[in-house]
Amino acid sequence: MARVAVVTGGTRGIGEAISVALKQAGYVVAANYAGNDDRARAFSEVTGIPAYKWDVADYDACVAGIKRVEAELGPVEVIVNNAGITRDATMKKMARAAWDEVLDTNLGGCYNMCKAAWDGMLARGFGRIVNIGSINGQAGQYGQVNYAAAKSGIHGFTKALSQEGAAKGITVNAIAPGYIDTDMVAAVPPEVLAKIVAKIPVGRLGKAEEIARGVLFLVADQGGFITGSTLSINGGQHMY
Ligand code: NDP
């Protein structure tokens, strides 16, 4: 039977590409999103993938969301923790709220989703979890102490949880994308973006589909020996 996969932030950007790639590979996909109903509706119309609205920063909402997906589609065996936000500011200007929001969504969301699905994965003896980190969690970035801390935290979270899942058939891995052409990067001022692209050896931004390809590799049934790893997909920007 086809495995059920939940992709958080799965209705646009990198998440959309992941949702579509998983569907094409034969998974039954549930795409979660936060609030952009128009994009979610258009996504579902085009792809035929159902969209589920809940806030990954809200633990109870994640528990209810997983329950609903399981009732409608079947046991969740794959989770891609992709939902993420930025609230950039230098330390001088960063409000506590910008710290909390980014940590609660990007890192807290990983805990909430994994916790909500973990017992089921343990009981069935199978699970595939992929957490989307960032090159900026590996290298740091000016004006992003919140985002870099959350993404760096994802890498530690992945390594720790992978040890708990290792003997139970559950793999937990991370992907650290470099700069990918999505709405998130479109928000970067053009002059700053030009400087960023100049530092990417491949000479361009990455495509969302190039991250999705890594997800397919990590969630495959044949991937049982790959756990606790971070796959850097960044055009050669940092060779970790
Ligand atoms: P986008 O801003 O294009 O899309 C973000 C997605 O996450 C949307 O579907 C959004 O839903 C959803 N989302 C945001 N907050 C929440 C929340 N609280 N609960 C549920 N869903 C939420 O982002 P990208 O596609 O660019 O990025 C995807 C991931 O990849 C993020 O984790 C990001 O940090 C990471 N990343 C991106 C890079 C890039 O260059 N683009 C580089 C490195 C990492 P809605 O549509 O409703 O707003």
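## Two helices side by side

Helix α4 (residues 96-124) packs against helix α6 (residues 145-165), with about 15 degrees between them and their axes 8 Å apart. Since angles under 35 degrees count as roughly parallel, α4 and α6 are therefore roughly parallel to each other. Their crossing is right-handed. Keep in mind as you explore that this is a predicted model.

Which residues of α4 meet α6? They are Ala 98, Trp 99, Val 102, Leu 103, Asn 106, Leu 107, Cys 110, Tyr 111, Cys 114 and Trp 118. On the α6 side, the partners include Val 145, Tyr 147, Ala 150, Ile 154, Phe 157 and Leu 161. By class, the residues of this contact between α4 and α6 divide into 16 nonpolar, four polar and two charged.

## Helix α4 and helix α3

Two packed helices are described by the angle between their axes and the distance between the axes. The axes of helix α3 (residues 59-73) and α4 come within 7 Å and cross at roughly 40 degrees. The two helices α3 and α4 are therefore oblique to each other, and their crossing is right-handed.

From α3, the contact takes in Tyr 59, Cys 62, Val 63, Ile 66 and Glu 70. From α4 come Tyr 111, Asn 112, Met 113, Lys 115, Ala 116, Ala 117 and Arg 124. Sorting the residues of the contact of α3 with α4 gives eight nonpolar, one polar and three charged.

## Helix α1 and helix α9

How do the axes of α1 and α9 cross? The axes of α1 and helix α9 (residues 208-219) cross at roughly 50 degrees and come within 8 Å. That makes α1 oblique to α9. The crossing of α1 and α9 is right-handed.

In α1, the residues that take part are Gly 13, Ile 14, Ala 17, Ile 18, Ala 21 and Leu 22. They meet Ala 208, Glu 209, Ile 211, Ala 212, Val 215, Leu 216 and Val 219 in α9. The contact of α1 with α9 has 11 nonpolar residues, one polar and one charged.

## The largest pocket

Now for the empty spaces. Rolling a probe the size of a water molecule over the atoms shows where empty space is left. The largest pocket holds about 1,200 Å³ of space. This pocket is lined by 46 residues, and the closest to its centre are Gly 84, Ile 85, Thr 86, Tyr 147 and Met 184.

Which elements each supply at least two residues of the lining of the largest pocket? They are α1 (13-24), β2 (28-33), α5 (135-139), α6, α7 (183-186) and α8 (190-198). The lining of the largest pocket divides into 21 nonpolar, 19 polar and six charged residues.

## A cavity inside

The structure holds one cavity of 30 Å³ or more. The largest cavity has a volume of about 40 Å³. Its lining is made by Thr 8, Val 56, Asn 81, Asn 82, Ala 83, Thr 105, Asn 106, Gly 109, Cys 110 and Met 113.

Which helix gives the most to this lining of the largest cavity? It is α4, with five residues. The residues that line the largest cavity are four nonpolar, six polar and no charged.

Notes. Residues numbered from 1 in each chain as written. Predicted model: local features only at pLDDT ≥ 70, side-chain atom pairs only at ≥ 80, totals over all residues. Heavy atoms only, no water. Axes fitted to C-alpha atoms, helices over the stretch in contact; angles between N-to-C directions. Helix = DSSP H or I, 4+ residues; strand = E, 2+ residues; numbered from the N terminus. Parallel < 35°, antiparallel > 145°, perpendicular 65-115°, else oblique. Left-handed = near helix turned anticlockwise from the far one by under 90°. Contact = heavy atoms within 4.5 Å. Nonpolar A, V, L, I, M, F, W, Y, C, P; charged D, E, K, R; others polar. 1 Å grid on protein atoms, 1.4 Å probe; cavity = no way out; pocket = protein on both sides within 12 Å on 5 of 7 lines; lining within 4 Å. Points joined across faces, edges and corners; volume = space filled by probe spheres on them.
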